[in-house]
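Me: I have a structure to go through with you. Please give the grounds for each term as it comes up.

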There are 2 protein chains.
Amino acid sequence: MNIGDVSSRSGLPAKTIRYYEDIGLIKPHRSANGYRCFAETDLHKLAFLGRARALGFTIEDCRTLMALYEDESRASADVKQLALEHLAKIEEKIADLQAMHDTLGELVKCCAGDSRPDCPILKDLSGES
Amino acid sequence: MNIGDVSSRSGLPAKTIRYYEDIGLIKPHRSANGYRCFAETDLHKLAFLGRARALGFTIEDCRTLMALYEDESRASADVKQLALEHLAKIEEKIADLQAMHDTLGELVKCCAGDSRPDCPILKDLSGES
DNA sequence: ATGAGGGTTCCAGCGAGGGGAAGGTCAAGG
DNA sequence: CCTTGACCTTCCCCTCGCTGGAACCCTCAT
């Protein structure tokens, strides 16, 4: 398979696939003409990576997850720990965003949103509380 | 005021303050020795920027907000619209993160997390559903 | 022969700064 | 007077996960 086929079958842009090779996540062979030559296992790995990235795992997490996946003697505890740490980071981000949302939501609610210059949002940002 | 004073009084790192000057958000004067020389108004602007950034506004949003703040004849509607757009982006991010959280949470719940290699998380990532 | 539509490499850039080097300036202490 | 240490300056590279584009090569159909 050439990169275009792998791209459409995995849903990942060709650029991303080249990048993943660059950083050593996959190691496709090369044809005589220099083109990357992907096997089914490469496609499978790329799909794995796509799903892991979609769950928000970092590239380094993905590297670890792939290694665990390929290690037949892994302990599921290691996978679970990684997932739990990631889950905690997600929760933290949600909490941060939620705090912003609440604060900004309050300010927005207090803003008339008309043609007058009076604005509680700007007032808050400027420090007049 | 030198940059160190402004930094400690605004809570922003000196690097960030120099960066904000670089991209034209503030324009401190210079002393004879080449040091940046901040007035109270600069400090005030930096505090404004700090609060806007803490609410998750992008630098470009901050630029617009500052312009609105300094425009005595602004319409609060313009501020509110910017805030509402930002609020929508925040909500979108929260929704994305929440979806990840839910999916990953389910997988984690199903994973024994012991010394055996069997792992529903890896199973899901590998596409065996 | 030529054009379209693959593929390849390499370089630059995004946002919002952070790290650190190399050097100038200033006040206090010996 | 000299030095030390704490500031300040500019400059350039690094982050993360790609993305865009330039310049070039390969293959097949017309």
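Reply: Of the 129 residues of chain A, 39% count as buried, that is, under 20% relative accessible area with a 1.4 Å probe, protein chains only. This is a predicted model, in which local features need pLDDT of at least 70 and side-chain atom pairs count only at pLDDT 80 or more, while totals for chains, interfaces and linings use all residues. Residues are numbered from 1 along each chain as its sequence is written, chains are lettered from A and ligands numbered from 1 in the order in which they are written, and side-chain values use heavy atoms, with hydrogens and water left out.

Me: Why is chain A called more spread out than a compact globule?

Reply: The globule rule is 2.2 Å times the number of residues to the power 0.38, and the radius of gyration is taken over C-alpha atoms. For 129 residues the rule gives 14 Å, and chain A has 23 Å, well over that value, so chain A is more spread out than a compact globule. Its C-alpha atoms fill a box of roughly 70 × 40 × 20 Å along the principal axes.

Me: What makes up the area buried between chain B and chain A?

Reply: Buried area is the accessible area (1.4 Å probe) that two parts lose on being put together, summed over both. Here it is about 4300 Å², with 74% from carbon and sulfur atoms. L55(B), L122(B) and L125(B) supply 16% of the area that chain B buries against chain A, more than any other three residues.

Me: How many salt bridges are there between chain B and chain A?

Reply: A salt bridge needs a side-chain nitrogen of Lys or Arg within 4 Å of a carboxyl oxygen of Asp or Glu. The count between chain B and chain A is zero.

Technical notes
Buried < 20%, exposed > 50% of the residue type's maximum accessible area, 1.4 Å probe, protein only.
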